[in-house]
Every structure is written in C-alpha cells, then in structure tokens.
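Please walk me through this protein in the viewer, stop by stop. At each stop, tell me what to select and what is there.

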Amino acid sequence: SDHMENIYGYLMKYTNLVTGWQYRFFVLNNDAGLLEYFVNEQSRHLKPRGTLQLAGAVISPSDEDSHTFTVNAASGEQYKLRATDAKERQHWVSRLQICTQHHTEAIGKNNPPLKSRSFSLASQGSASSPGVQRRPSQNAVSFFNVGHHRLSTGKRVPIMQPDHLVDVREMMSQAEGQQRDLIRSIECLPVSGHLTSLDQDLLMLKATSMATMNCLNDCFHILQLQHASQQKGSLPAGTTINWLEPKISLANHFKNGAAQNFPAEINKPASVREEQSVAEPCQLTREPEEVNPDEELEDVCEDKEDDLGAVEEQRSVILHLLSQLKLGMDLTRVVLPTFILEKRSLLEMYADFMSHPDLFIAITNGTTPEERMIRFVEYYLTSFHEGRKGAIAKKPYNPIIGETFHCSWRMPKSDVATDAGSNSSAHSASEQVTLSKDLEGQKELDYYTVKFVAEQVSHHPPVSGFYAECAERKMCVNAHVWTKSKFLGMSIGVTMVGEGLLSLLEHGEEYTFSLPCAYARSILTVPWVELGGKVNINCVKTGYSASINFHTKPFYGGKLHRVTGEVKQNMTNTVVCRVQGEWNSVLEFTYSNGETKYVDLTKLSVTRKRVRPLEKQGPFESRKLWQHVTESLRDGDIDKATEHKRALEERQRNEERLRAETETPWCTKYFLKDGDGWVYHKPLWKTVSAVQTQQTDTN
C-alpha cells in the first residue's frame with residue numbers, strides 16, 4: 001500500500017498495423033484499479049480514450065528491447081507500450097504490477113462467482129454485433145468467473161490425476177468443434193445488413209479464435225509436463241516449454257478448396273501506361289545477358305523499413321483481409337495490401353543474404369575439410385541478419401515471372417581471412433585468364449569480385465533461382481527456393497522449400513544445404529520475424545556435416561531468435577564445433593580444442609552491393625520493373641503504389657492467360673530445369689571442367 005501511488009506521464013502506444021506508434025498521456029488510477037489514457041495531458045479532464053481494468057491483468061516487459069512492455073487485461077484487451085528508457089519502463093511496470101496484484105486479490109476475497117454463460121451467434125438475431133455489447137467499463141469479475149468455480153479458501157489444490165487430464169482433453173476437443181462452428185456461423189452471415197460477416201468485431205474474433213485454441217493446447221501441454229514432474233520429481237533448472245506446432249491439424253480444420261481461394265481484386269486497375277506498354281515476353285529476347293561488373297556502381301539506396309507508415313482511411317484493411325482468409329490457406333495467390341510491402345523484390349532480398357562476401361570467400365581458404373565446413377557454417381549463420389531490414393516484419397514484392405536481379409560485390413583481398421600455407425592462387429595462369437576475362441591484358445587486381453544473378457523461374461508455384469560465384473577463387477553457389485506461405489491465425493508461416501549447393505572447385509567439394517522457415521508473428525499488433533526449424537549442411541566427399549536448429553520463441557522461458565548447432569565428422573561421429581547464440585545478435589563458436597570465438601553480427605561490416613543504374617537495366621530487372629511502386633512508397637503515396645502494383649499483376653495475369661490459350665511454354669533466361677530443381681545455365685563448374693579438358697588435350 002505504501003507504493004500505491006497514482007502516476008501519470010507520456011508513453012508511446014502501439015495502435016495497430018496501419019497507424020503504428022503514437023504518443024498518449026497515461027494515468028494509473030490505483031484506487032479504481034484502472035489504466036487510462038488520453039490524447040494529451042490537456043485533455044485529461046475529458047473522457048479517457050481508453051481504459052483497462054488491471055484486476056487479473058498481466059504486466060510483461062518485452063524481450064524485443066529495454067523500453068517496451070505490454071499490459072494484458074483479463075478481458076483479452078492488450079496495450080503495447082513503450083517508455084523513453086529502461087528506467088522509466090521499470091517504474092511503470094513495477095507500479096502497474098503492484099496495483100494489479102492488489103485489485104486481483106481484492107476480487108478473490110470480496111466477489112462471489114457468477115453463473116456460467118455462453119455466447120451464441122444464433123441467439124443474437126439481428127440485434128447487434130458482439131462488439132456493441134462489449135463495455136469498456138465492464139467489471140473484470142465477469143472475466144474471472146465465467147464457466148469456473150472458485151476454490152475454497154485455505155484448501156490445498158489437489159494434484160491433477162491422469163483421468164482429469166483426459167477430461168480436459170475431451171473438453172478441449174469440444175471447444176475446438178465449437179470454434180469451427182463459430183467460424184462457419186460468421187462466414188454464413190450476409191455481406192450487407194445490420195450484422196454482416198465483415199463486422200470488425202467478428203473479424204477480430206475469427207482471427208484470434210485459432211490463436212486461443214493454440215494457447216489452450218500449449219497450456220494443456222504444460223499440465224502434462226507438470227503432472228510428469230510430480231510423478232518423477234521437479235523439472236530440471238533451465239527447462240523451457242516450447243510451443244507445439246501445429247496444435248490443430250490445419251488440413252482438417254478448413255478445406256482450402258479451389259472455390260475458397262482469395263478472390264482477384266474486384267475493381268480493374270487504373271491504366272498505368274508504362275507498366276502495360278511493355279511488350280509481351282514472346283517479343284522480348286530471352287537470351288542470357290552477360291552483365292559487366294564494371295558497369296555496376298556501389299549501391300546508394302538507403303530504404304529503411306522501420307516505419308509502417310499508413311493512411312487513416314486504411315485502418316480496416318487488415319481486418320478486411322483476414323475476413324477473406326481460411327486457416328491453413330496457401331497465401332501464394334493472396335494479394336496483400338501495399339502498405340505492408342518492403343521497398344525491394346524478393347530476388348533482391350536473396351542478394352542481401354550475400355552481404356558478407358569476405359566470409360563467403362574465406363570458406364575456400366580453410367586448410368582442412370573441418371575448417372572449411374566450420375567457415376561455411378559461420379557464413380551461413382551470419383547471412384540472415386542483413387537479409388532482414390528492420391525489426392518489423394514487412395513483405396518484399398512477389399517477383400513477376402521472368403523478373404531478374406543482377407549485382408556484384410568487390411572485396412579487397414586483404415580483408416579476406418587466409419591461413420598460413422594456403423595457396424590463394426592455386427589455379428594456373430591460363431585458368432585465371434579463362435575464368436576472369438576482365439583481367440586479360442591487365443595486372444592482377446587487388447580485390448575479388450562476387451557476381452550474383454537471380455530469376456523468377458515459375459509463377460505457380462512461385463520458385464526463384466539464384467546463383468553467385470567468385471571466379472578468382474573458383475567457388476560458386478546455386479540454389480532454388482519455393483516459398484510456401486500459410487495463414488496460421490495470428491501469424492503467417494513461410495516454408496522455404498528447395499536446396500542450395502556450394503561448390504569449392506579448388507578442393508573438389510560440394511556442400512548441400514537447406515533454409516529455415518520464417519514466421520511473421522503478431523500480425524494484428526506489431527509484426528515481427530522469427531526463424532524456425534532444423535537445417536542440415538552436408539559434404540559427402542569429406543564426411544563432415546552440420547545440424548543447425550533455429551528455435552522459435554518458447555511458450556515459457558527462453559529467448560528470441562535463438563540458434564544452436566554442431567559440426568561433426570560422420571565417420572567417427574565426433575563433434576568438432578558447437579555454436580549457440582542469436583542469429584541476429586551474437587554467436588558463440590566452441591571448438592574441439594577448447595577455444596571459443598564470438599561473432600557479433602551487429603558489428604560485422606556490410607559490403608555494399610554494386611548494381612547497374614536504372615537507365616542501363618532491362619525492363620524485367622527488379623528495380624526497373626518495380627521502380628514506380630518503390631518511388632510511390634518512398635513518397636508515402638499508398639494509393640499510387642497500389643495502382644502501379646495492380647498494373648504489374650494484371651499484366652502478368654494477362655500474359656499467363658495468353659500463354660495458356662496459345663499453349664506457349666514459358667522460357668527461362670538464366671536457369672534450366674534439372675529434375676526437381678533449377679540450375680544456372682553457365683555454372684562455374686562447367687567452365688572449370690572445360691578449362692581442365694582443354695589443358696589435358698594441350699598437354
């Protein structure tokens with residue numbers, strides 16, 4: 001009670017995906033147990049813009065940074081708030097927790113339980129939406145006692161028996177069925193009238209109900225673990241309880257038939273002459289173009305993605321989008337609102353994974369197979385941080401079929417890690433001339449060049465191919481990725497289907513690798529990205545392999561963005577290196593000899609890529625193709641960006657329809673189909689083989 005003081009001041013409040021963060025004046029009313037906020041201090045005498053009952057609330061400092069915290073009310077409403085610094089956050093959090101505890105205990109002592117009640121859409125008729133019946137000032141008691149019986153004071157809670165767990169599982173199964181019925185009831189409502197399927201409260205209910213069932217399944221999992229610990233002893237220190245995925249079979253939860261696909265945009269796009277005047281693909285040359293790295297200039301583009309930006313009239317866009325989605329739906333054909341887009345294509349995002357070319361080139365400088373595998377793992381784990389721009393999850397442009405992206409990097413040779421005794425010029429002079437024609441007649445340059453090319457080789461399914469090489473070091477990487485997106489209720493999951501192949505031609509080694517899944521979490525509040533899943537790296541020739549786990553945020557305990565892995569020799573099953581840390585922060589490598597190495601990704605130097613100026617790019621190169629969308633987004637003109645984006649998508653649909661009518665297959669430019677994958681048409685290993693064959697014939 002000594003600390004039950006009323007406090008007030010400005011905090012930043014996250015409103016929604018569209019509006020973003022706004023300064024608001026907050027007042028903690030300890031006597032009433034309320035957290036209220038106003039537009040500013042001058043409007044404090046007016047009615048609050050918002051009020052939260054703190055009884056039964058959970059006050060949680062955020063893992064994202066030292067300034068942010070959340071207030072989760074028993075009603076289900078949440079405020080995401082940000083203080084000016086860590087000290088101010090701690091002050092607010094501690095006072096809110098004291099107030100919350102006081103009023104929660106008071107409710108438990110003074111209020112009898114209410115009778116159980118249920119809500120039925122059918123019983124509402126045409127009265128109003130559930131949101132109209134919700135009252136901001138509704139007493140928190142009702143949220144504690146609905147459908148529950150209060151335990152007698154002073155009685156110890158008995159240990160839950162296995163048959164009780166069976167009862168809980170049965171009740172949860174019934175709840176899952178009711179949740180499915182609820183969704184169907186909402187979707188069967190008319191699209192116009194007093195109560196419609198597009199009512200914002202119903203859309204919110206539809207979007208969050210799946211997440212609620214997931215949370216209940218996680219809680220049930222915790223009960224099972226607690227029961228096991230009571231049988232065998234307490235859980236070990238440091239134990240984390242992970243989210244279970246998937247909690248409900250998405251395939252059976254909703255059938256995503258062809259009739260349920262997200263509809264094409266209803267209104268035809270406005271005429272955008274430049275996008276629609278580009279010739280049909282059959283009239284464009286599909287011959288591969290050799291891009292001269294000397295024509296490329298260091299990239300000066302500085303597109304920050306920290307601000308979601310928005311216009312007031314688009315507040316309901318996200319909720320309207322959610323009304324069209326089905327749980328488990330493949331989002332490949334879903335047209336997302338323009339304002340959540342990054343200002344770059346997915347093909348360019350793949351290029352940004354190569355932003356540490358010094359680590360890439362250093363792989364082949366390893367003197368032993370063990371060292372080369374460890375160096376590859378180090379490069380692999382450092383590539384994702386720069387590939388993501390900003391903390392907020394935004395989506396790159398979906399590449400148009402036939403779209404390409406070219407760039408290169410120049411890396412001073414003195415900046416690439418080498419080892420004593422390694423021969424950095426192992427190839428002969430004739431190979432050097434053949435592999436790097438640009439050096440012919442010139443003295444040897446003091447930098448390495450890494451060239452990159454990517455192409456969208458398929459539209460349905462969406463498959464991208466990308467290839468990078470450093471001819472001077474006789475190394476290259478080829479990969480193809482099929483992005484499969486799924487709507488998961490409160491998040492979006494993206495599976496990266498495909499495989500990559502790193503070739504170190506000086507050593508005759510090939511390393512196969514896969515990519516982790518990506519998740520956009522909290523899509524109704526502040527969306528953020530995390531990686532998840534297990535990936536493997538393997539070199540058949542040397543017998544070394546690596547297993548890397550990207551850990552999603554646990555339900556209880558644990559950290560964000562955690563990654564662990566190990567490198568081992570398969571023949572002896574000996575672990576030669578272990579790695580742990582965060583893929584966007586600090587990584588710790590521990591070697592078999594006891595040595596430890598730390599890599600701080602936030603301090604790693606980033607080499608800017610080199611890109612041809614727009615005037616020298618072809619019409620299907622990413623930046624040229626999307627330039628008007630990008631310019632409009634930079635100017636904050638969402639409507640104009642949407643217009644240009646629609647024109648590109650409409651043109652792609654028209655071209656696809658024409659090819660289907662004329663039975664004309666699509667011809668790729670740089671990548672060739674090879675079984676289930678795609679391979680660059682002129683990979684370095686073909687060039688090297690040709691050179692070696694020529695030398696053999698000469699000798």
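The model on screen is a predicted one.

**The whole chain**

Zoom out before going on. The protein has 17 helices and 26 strands. Of its 699 residues, 46% are buried. Among contacts between residues at least 6 apart in sequence, 65% join residues at least 24 apart. The accessible surface comes to about 35400 Å², and carbon and sulfur atoms account for 51% of it.

**The nonpolar cores**

Select F360, L381, F452 and F550. These are the residues with the most contacts inside the largest nonpolar core, which has 60 residues. Then colour residues 369-387, helix α12, which gives the most to this core, with eight residues. A separate core of 20 residues lies apart from it, and includes L35, Y37, A57 and A83. In soluble globular proteins, nonpolar side chains tend to be buried together.

Go back to F550 and show what surrounds it. Beyond its neighbours within four places in sequence, F550 is in contact with residues including Y380, L381, F384, P516, L531 and W583. R562 and V563 are also among the contacts of F550.

Most residues other than glycine have a negative phi. Two exceptions can be inspected here.

- Select K474, in the loop between β13 (463-470) and β14 (475-487). Phi of K474 is positive, near 55°.
- Select N573, in the loop between β20 (562-569) and β21 (574-582). Phi of N573 is positive, near 60°.

Is K474 buried or exposed? K474 counts as buried, because its relative accessibility is 6% and the cut-off is under 20%. N573 is exposed, because its relative accessible area of 52% lies over the 50% limit.

Move on to residues 627-635, helix α15, where Q627, H628, V629, T630, S632 and L633 are buried. After α15 comes G636, with a positive phi near 75°.

Next, select K645, which is in helix α16 (residues 638-662). K645 is a buried lysine, with a relative accessible area of 7%. Which residue does the side chain of K645 join in a polar contact of 2.9 Å? Show E649: the contact is between the side chains of these two residues. An α-helix has 3.6 residues a turn, so residues three or four places apart point the same way.

**Last stop: a hairpin**

Select residues 671-674, strand β25, which runs antiparallel to β26 and is joined to it by four bridges. K673 has W678 as its bridge partner in β26. Two residues lie between the strands of this hairpin, and G675 takes a positive phi near 65°.

Finally, show the side chains of β26 (residues 677-680). Both faces of β26 are covered: G677 and V679 are buried on one side, W678 and Y680 on the other.

Terms used: Residues are numbered from 1 along each chain as its sequence is written. This is a predicted model: local features need pLDDT of at least 70, side-chain atom pairs count only at pLDDT 80 or more; totals for chains, interfaces and linings use all residues. Side-chain values use heavy atoms; hydrogens and water are left out. Buried means under 20% relative accessible area, exposed over 50%, partly exposed in between (1.4 Å probe, protein chains only). A polar contact is a pair of N or O atoms within 3.5 Å; within protein, one must be able to donate a hydrogen and the other to accept it, and residues adjacent in sequence count only if both atoms are side-chain atoms. A nonpolar core is a set of buried Ala, Val, Leu, Ile, Met, Phe, Trp, Tyr and Cys residues joined through side-chain atoms within 4.5 Å. Contact means heavy atoms within 4.5 Å. Two strands pair if DSSP finds at least two bridges between them. Accessible areas come from the Shrake-Rupley method with a 1.4 Å probe; for residues, only the protein chains shown count as cover.
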